[in-house]
Amino acid sequence: MNFTETAWKVFNQSIEDYHVFDDVNHLINNPFEKDSLERILYAKNWIDTVQWHLEDIIRDENIDPVEALQLKRTIDASNQKRTDLVEFIDSWFLDKFKNTTPKPHAKINTETPAWAVDRLSILALKVYHMSLEANRESASEEHRLNCQAKLDVLLIQKEDLSTSINQLLTDIENGDVKMKVYKQMKMYNDESLNPILYQKGQQK
């Protein structure tokens, strides 16, 4: 089993486990061994799955404004955890390839392996939920057919993205691509970088 096959399997296990309770407040119960790659991937997708449903909830037109603000704060915190975990996965790859010397003319990829894995995790959620819609008995036949068409495209995208990630990892391992990691340096949660936050602090 190659890397993306393992990741896809773990992502779908996370999604299935979440939907046993289908509760954004349900605590994660990671079934994989400590320090294993599978455990990291499961944790990554669990964050994505919870956030997927938080984004659904906050779009309720009848939501109480106070609850919506609390949800926005929760989503912001989730985004930060997601970014931190993506960067942790990249650190895992950096350690894996630490003894690889890039060739003199090695290329640089537009994204790191972990950010590509992030897209694969989100894609697993899209496939899961589009499949539900394509088979929802309460929906019209037209709706189901439209969703099936979209699902077919998502599955093609899954194959293409999986191939691309595996090729990228092979190229890094062979020295044909140089792996460079840039911290995302998100500004909106940083009290020293977000003008709204630091100006409020100066007014005190």
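D64 sits in the loop between α2 (37-58) and α3 (65-96). D64 counts as partly exposed because its relative accessibility is 41%; partly exposed runs between buried, under 20%, and exposed, over 50%, with a 1.4 Å probe and protein chains only.

Quick note: this is a predicted model, so local features need pLDDT of at least 70, side-chain atom pairs count only at pLDDT 80 or more, and totals for chains, interfaces and linings use all residues. Residues are numbered from 1 along each chain as its sequence is written, and side-chain values use heavy atoms, leaving out hydrogens and water.

Zooming out, the chain has six helices and two strands, meaning DSSP runs of H or I for at least four residues, or E for at least two.

Now, salt bridges: a side-chain nitrogen of Lys or Arg within 4 Å of a carboxyl oxygen of Asp or Glu. The whole structure has eleven. In one of them, D48 meets K44 at 2.4 Å, N to O. Both lie in helix α2, four residues apart, about one turn. Are they buried or exposed? D48 is buried at 4%, and K44 is buried at 0%. Those two also join R82 and D118 in a network of salt bridges.

In helix α3, D76 pairs with K72. D76 is buried at 15%, while K72 is partly exposed at 37%.
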